[in-house]
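This report is for a reader who is meeting the structure for the first time.

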Amino acid sequence: MNATGVALALFIGMLLPLQALINASLGKQTFGPVFASLASFMVGTGVLLAWWLLTRPVFMPAALAKVPWWAWMGGVIGAVFVASATLLVPRLGAASLICLVVAGQLVGSVVLDHYGVLHARQPVDSLRIVGLLLVVAGAVLVVKPWQASGG
């Protein structure tokens, strides 16, 4: 496993709760969470467009016609995630939100890996199940659903 890749993934993971908090703050100061999410995507689109143009890509519009419809759904999922995180972080807190998101990501990832959805199949085994249960248990301990909110 590449140490640089692991470090970058951890750093990006650390930025996600900050992004949710920043977007929630922007939403409070402007026109709500959906506007803040839209603004986040507009700024992000500008950054990605500049990055893409700086790499001097070869653009072949005909290649777009070959892309299946479902390949564009990543943007829909991203928009739902950012808008939902912007809406939920003031209600759940950054730690609870991220723990629940990570637990959901792991459950989804194990299922997608097991069935080989869009990539090579990686069957579930007992160690993955134990790891999954530990993450879910950790999320429950952080979220503390048995306590009243604000506690």
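At what angle do helix α2 and α4 pack, and how far apart are their axes? In this predicted model, α2, which covers residues 33–54, packs against α4 at an angle of about 130°, and the two axes are 9 Å apart. Angles over 145 degrees would count as roughly antiparallel and those from 65 to 115 as roughly perpendicular; α2 is therefore oblique to α4. The crossing of α2 past α4 is right-handed.

A second pair involves α4 again, this time with α5. Their axes cross at roughly 135° and come within 7 Å, so α4 and α5 are oblique to each other. This crossing of α4 and α5 is right-handed.

The table lists the two pairs.

| Helix pair | Angle between axes | Distance between axes |
|---|---|---|
| α2 and α4 | about 130° | 9 Å |
| α4 and α5 | roughly 135° | within 7 Å |

Which residues make these contacts? Between α2 and α4, Pro33, Ala36, Ser37, Ser40 and Phe41 of α2 meet Gly78, Ala79, Val82, Ala83, Thr86 and Leu87 of α4. Between α4 and α5, the α4 residues are Phe81, Ala85, Leu88, Val89 and Leu92, and they meet Ala94, Ser96, Leu97, Leu100 and Val101 of α5.

**The core**

The largest nonpolar core consists of six residues, namely Ala20, Ala24, Ala85, Val89, Ala94 and Leu97. Two or more of these residues come from each of α1 (3–29), α4 (73–92) and α5 (94–115). In soluble globular proteins, nonpolar side chains tend to be buried together. Ala24, another core member, touches Thr86, Val89 and Pro90 when its neighbours within four places in sequence are left aside.

**The whole chain**

The protein has six helices and zero strands, and the order from the N terminus is α-α-α-α-α-α. Its C-alpha atoms fill a box of roughly 55 × 45 × 30 Å along the principal axes. Of its 151 residues, 16% count as buried. The accessible surface comes to about 11,100 Å², and carbon and sulfur atoms hold 75% of that area. Among contacts with a separation of 6 or more, 59% join residues 24 or more positions apart.

Conventions: Residues are numbered from 1 along each chain as its sequence is written. This is a predicted model: local features need pLDDT of at least 70, side-chain atom pairs count only at pLDDT 80 or more; totals for chains, interfaces and linings use all residues. Side-chain values use heavy atoms; hydrogens and water are left out. Helices (H or I, at least four residues) and strands (E, at least two) are DSSP runs, numbered from the N terminus. Buried means under 20% relative accessible area, exposed over 50%, partly exposed in between (1.4 Å probe, protein chains only). Contact means heavy atoms within 4.5 Å. Accessible areas come from the Shrake-Rupley method with a 1.4 Å probe; for residues, only the protein chains shown count as cover. A nonpolar core is a set of buried Ala, Val, Leu, Ile, Met, Phe, Trp, Tyr and Cys residues joined through side-chain atoms within 4.5 Å. Axes are lines fitted to C-alpha atoms, for helices over the stretch in contact, and angles run from 0 to 180 degrees between N-to-C directions. Angles under 35 degrees count as roughly parallel, over 145 as roughly antiparallel, 65 to 115 as roughly perpendicular and the rest as oblique. A crossing is left-handed if the near helix is turned anticlockwise from the far one by less than a right angle, and right-handed if clockwise.
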